[in-house]
Amino acid sequence: MALNSCRILFALSLFVLVATVDSSAREPITSPPPSTKQAAGVVRARDLGIPFDGTPGQFNAVTDVAGVEVGYATLIAGEGKLERGKGPVRTGVTAIIPRGHDSLNDPVYAGVFSLNGNGEMTGTAWVDESGFLEGPLVITNTHSVGVARDATIAWRVKHGAADATGYWWSLPVVAETWDGWLNDINGFHIKSEHVNQALDSAHGGAIEEGSVGGGTGMICYEFKGGNGTSSRKAVVTGGGDAAAKTERTFTVGAFVQANCGRRSQLTIAGVPVGKEIPGAVYKEEAGSIIIVVATDAPLLPGQLKRLARRASLGLARTGSVSGNGSGDLFIAFSTANPNVANANRVTHSVETVPNDLMDPIFTAVVQATEEAIVNALVDNHDMIGRDNHAVSALPHERVTDLLQKYNRTDH
């Protein structure tokens with residue numbers, strides 16, 4: 001009874017903490033995500049010596065792409081037997097604002113790709129048609145897409161303005177994965193105020209991972225899953241003789257809400273981690289993954305669709321086969337070429353990278369996506385949800401031992 005009481009008090013304290021966060025506070029965090037040497041209990045994949053390829057940015061996060069802001073609302077309350085409408089609650093909302101709060105009405109070029117369509121990402125018909133992502137991108141649980149979409153529209157109306165014609169409309173992008181194993185998903189606990197909190201609190205710099213925001217109740221490879229992020233520097237070199245060569249470095253960031261895969265599939269740096277640590281939660285695959293790719297490389301919508309497609313390869317590196325029950329939906333956007341959607345001018349000049357020079361950017365997408373998924377697993381903790389369903393976090397020491405066993409450690 002004492003243990004249960006402690007769990008109840010802990011869950012309630014977390015819920016109160018989330019509920020009382022000042023949603024207007026979005027000061028950027030200027031320090032990088034803590035490592036094991038900086039803060040007990042916060043561990044990212046690189047802290048375990050996992051040998052990832054490529055060079056990350058300052059925060060090793062999607063927010064390394066200048067202007068990108070991320071915010072969360074996390075709902076954790078109750079324990080024990082499921083009582084629909086009461087809990088237990090293990091869910092939340094994630095908001096990504098491509099150009100940040102200061103440029104809400106400046107759309108970004110974007111492209112989308114569906115690896116397996118057993119899921120939802122609203123607004124993508126217009127992204128495909130127009131080539132633009134207009135406004136924020138929100139991620140939540142499967143049964144809260146509607147309220148999140150409506151709340152995002154209302155939030156934009158509050159923070160935006162009519163266009164030049166005086167007509168204001170919105171087709172926001174809202175994506176989902178299913179958290180019903182741990183969460184009272186049919187209790188509809190996500191409300192408009194939670195969407196507002198995620199949007200208002202979005203900031204740049206270091207961001208949390210694991211069981212926060214939309215990732216709160218998610219399960220990945222039958223370990224505790226959720227949110228993960230990573231970034232890469234992509235060096236693009238132009239052709240010509242030595243004197244004429246040009247070189248630019250771009251940033252590519254990936255953000256995932258990871259809720260996919262079976263335990264036996266999990267592969268980390270080529271190590272069959274899932275087979276070495278057997279276990280199961282589901283009888284069959286019941287999850288999904290949303291992947292968001294951001295870059296400051298000046299790319300056109302067709303090129304960004306190609307980036308979104310490459311996220312599949314980063315996912316595959318971690319072992320997924322994108323099962324029939326998985327909603328694997330990806331979107332990529334570029335923060336370059338500001339104001340090109342402005343209809344005050346008949347034409348706009350845009351900058352872009354030639355297709356023949358895109359391989360370093362493709363590589364960065366694959367590398368950042370892979371590490372983001374592993375970060376979602378590593379920077380996490382055990383969770384007990386509805387009907388006392390328990391999901392264990394990926395055991396750090398066991399992973400370190402396996403990396404050494406297979407001679408795949410950086411340490």
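Is the crossing of H3 and H4 left-handed or right-handed? The structure is a predicted model, in which local features need pLDDT of at least 70 and side-chain atom pairs count only at pLDDT 80 or more, while totals for chains, interfaces and linings use all residues. Residues are numbered from 1 along each chain as its sequence is written, and side-chain values use heavy atoms, without hydrogens and water.

Helices (H or I, at least four residues) and strands (E, at least two) are DSSP runs, numbered from the N terminus. Two packed helices are described by the angle between their axes and the distance between the axes. Axes are lines fitted to C-alpha atoms, for helices over the stretch in contact, and angles run from 0 to 180 degrees between N-to-C directions. Helix H3 (residues 145-159) packs against helix H4 (residues 192-200) at an angle of about 55°, and their axes are 9 Å apart. H3 is therefore oblique to H4; angles under 35 degrees count as roughly parallel, over 145 as roughly antiparallel, 65 to 115 as roughly perpendicular and the rest as oblique. The crossing of H3 and H4 is right-handed, a term used if the near helix is turned clockwise from the far one by less than a right angle, with anticlockwise giving left-handed. On H3, the contact (heavy atoms within 4.5 Å) involves Val147, Ala148, Ala151, Thr152, Trp155 and His159. On H4, Ser192, Val195, Asn196, Leu199 and Asp200 take part.

Strands S1, S2, S5 and S6 form an open sheet in the order S1-S2-S5-S6, with mixed pairing; two strands pair if DSSP finds at least two bridges between them. Strand S1 (69-77) and strand S6 (173-177) are at the edges with a single partner strand each, so one side of each has no neighbour in the sheet. On average, neighbouring strands of this sheet are turned by 15° against each other, direction ignored. Within the sheet, strand S2 (residues 89-97) is antiparallel to strand S5 (residues 137-141), and the two pair over three bridges. Thr94 has Ile139 of S5 as its bridge partner.

Another open sheet, of six strands, has mixed pairing and the order S4-S3-S12-S11-S10-S9. Its edge strands, S4 (132-133) and S9 (226-237), each pair on one side only. Seven bridges join strand S11 (residues 288-295) to strand S12 (residues 327-334) in the parallel sense, and Thr295 stands opposite Ser334 in S12. Helix H6 (residues 301-317) lies across strand S3 (108-117), S11 and S12, and runs at about 40° to S3. Helix H7 (residues 359-378) also packs on the sheet, where H7 touches S9, strand S10 (247-259) and S11. The direction of H7 makes about 160° with that of S9.
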